[in-house]
Amino acid sequence: MLQPFDDNYFMKKAFQQAEMAYEKAEIPVGAIITHGNQIIAQAHNLTEQLTDVTAHAEMQAITAAANYIGGKYLHDCTLYVTLEPCQMCAGALYWSQISKIVFAAEDAKRGYRSMQAKLHPKTKVEFGIMEEEAAQLIKDFFLEKRKF
Ligand SMILES: [Zn+2]
C-alpha cells in the first residue's frame, strides 16, 4: 500500500523523534518541519544533553528549516510537533511566520495557549493527531524517571 503524505504520516515521523529523545532520557518531544511533502527538518528535545533550556525540539527544527531554505521565514512550511509548543517556541514560531502548526498532545500547564502567547496571524493551527500516543509517551517517561 502506498503511504499518503498526510498529517498522520508526518506526525508519525515527529513521534519517532520523540522516541529518540526518550531513549536519551530527554523529555520525549519530537518535531519535524515539512515544505510541500518534503521533510526539511527533524529534531527532538535535547535540553539535558546540551544543558540548554532553549534546545526544545521546535527551536532546533526552526533553525534547521531556515538553514535548509536559506531564509528566515518558514512560509509554506508546516511544523509537526508531539506536544503543544511552549511560549518560547510559540514566540520563535511567531517570528518565523510559519504557515501551519500541527501538534499532538495539549499541554494544559505550559502550553502557549495557557500562557497567553500568540502565534502569527498567518499561522493555522491543528491539534489532536496521535494525541493519546504522544501524551502516553510523556507519562511513561515521568513514571520511569520516578523509579530512580
Ligand atoms: Zn518549547
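Two strands count as paired if DSSP finds at least two bridges between them. Helices (H or I, at least four residues) and strands (E, at least two) are DSSP runs, numbered from the N terminus. The model is predicted: local features need pLDDT of at least 70, side-chain atom pairs count only at pLDDT 80 or more, and totals for chains, interfaces and linings use all residues. Residue numbers start from 1 along each chain as its sequence is written.

Start with the sheet. Strand S1 (residues 30-35) pairs with strand S3 (residues 77-83) in the antiparallel sense, over five bridges. Within this pairing, Ala31 has Val81 of S3 as its bridge partner. S1 also runs antiparallel to S2, and six bridges join them. Here Thr34 is bridged to Ile39 of S2. The hairpin of S1 and S2 has two residues between the strands, and in it Gly36 takes a positive phi near 65 degrees. Strands of a sheet pair through backbone hydrogen bonds, either parallel or antiparallel.

The whole sheet is open and has five strands, in the order S2-S1-S3-S4-S5, with mixed pairing. S2 (38-44) and S5 (124-127) stand at the edges. Each has a single partner strand, so one side of each is left without a neighbour in the sheet. On average, neighbouring strands are turned by 15 degrees against each other, direction ignored. Helix H4 (residues 131-146) packs on this sheet. H4 touches S3 and strand S4 (100-105), and its direction makes about 60 degrees with that of S4. Axes are lines fitted to C-alpha atoms, for helices over the stretch in contact, and angles run from 0 to 180 degrees between N-to-C directions.

Next comes the core. A residue is buried if 20 or more other C-beta atoms lie within 10 Å of its own, exposed if 12 or fewer, and partly exposed in between, with C-beta atoms placed from the backbone. A nonpolar core is a set of buried Ala, Val, Leu, Ile, Met, Phe, Trp, Tyr and Cys residues joined through C-beta atoms within 7 Å. The largest such core has 40 residues. Those with the most contacts inside it are Met11, Ala14, Ala31, Ala61, Leu79, Tyr80 and Val81. Helix H1 (7-23), S1, S2, H2, S3, H3, S4 and H4 each supply at least two residues. H1 gives the most, with seven. Val81 shows how these parts meet. Leaving aside neighbours within four places in sequence, Val81 is in contact (C-beta atoms, placed from the backbone, within 7 Å) with Ala14, Val29, Ala31, Ala57, Glu58 and Phe103.

Glu58 leads on to the annotated positions. UniProt lists Glu58 under "active site", in an unreviewed entry. UniProt positions are given in the numbering used here, feature names are shortened, and annotations may be inferred rather than shown by experiment. Glu58 is found in helix H2 (residues 57-69). This residue is buried, with 28 other C-beta atoms within 10 Å. Beyond four places in sequence, Glu58 contacts Ala31, Leu79, Val81, Pro85, Cys89, Ala92 and Leu93.

The unreviewed UniProt entry also carries a "binding site" annotation, covering His56, Cys86 and Cys89. They span 34 residues in sequence, yet no two of their C-alpha atoms are more than 9.2 Å apart, so they gather at one spot. Cys86 sits in the loop between S3 and helix H3 (87-96). With 20 other C-beta atoms within 10 Å, Cys86 is buried. Its contacts, leaving aside neighbours within four places in sequence, are His56, Arg110, Gly111 and Tyr112. Cys89 lies in H3. Cys89 is buried too, with 26 C-beta neighbours inside 10 Å. With the same exclusion of neighbours within four places, Cys89 contacts His56, Glu58 and Met59.

H3 itself has a buried side. Cys89, Ala90, Leu93 and Ser96 are buried. They cover an arc of only 115 degrees around the axis, taken from the directions from the helix axis to the C-beta atoms, which puts them on the same side of H3. These buried residues pack against H2, S3 and S4. Just after H3, Gln97 takes a positive phi of about 55 degrees.

Lys109 is exposed, with 8 other C-beta atoms within 10 Å.

How values were computed: Contact = placed C-beta atoms within 7 Å.
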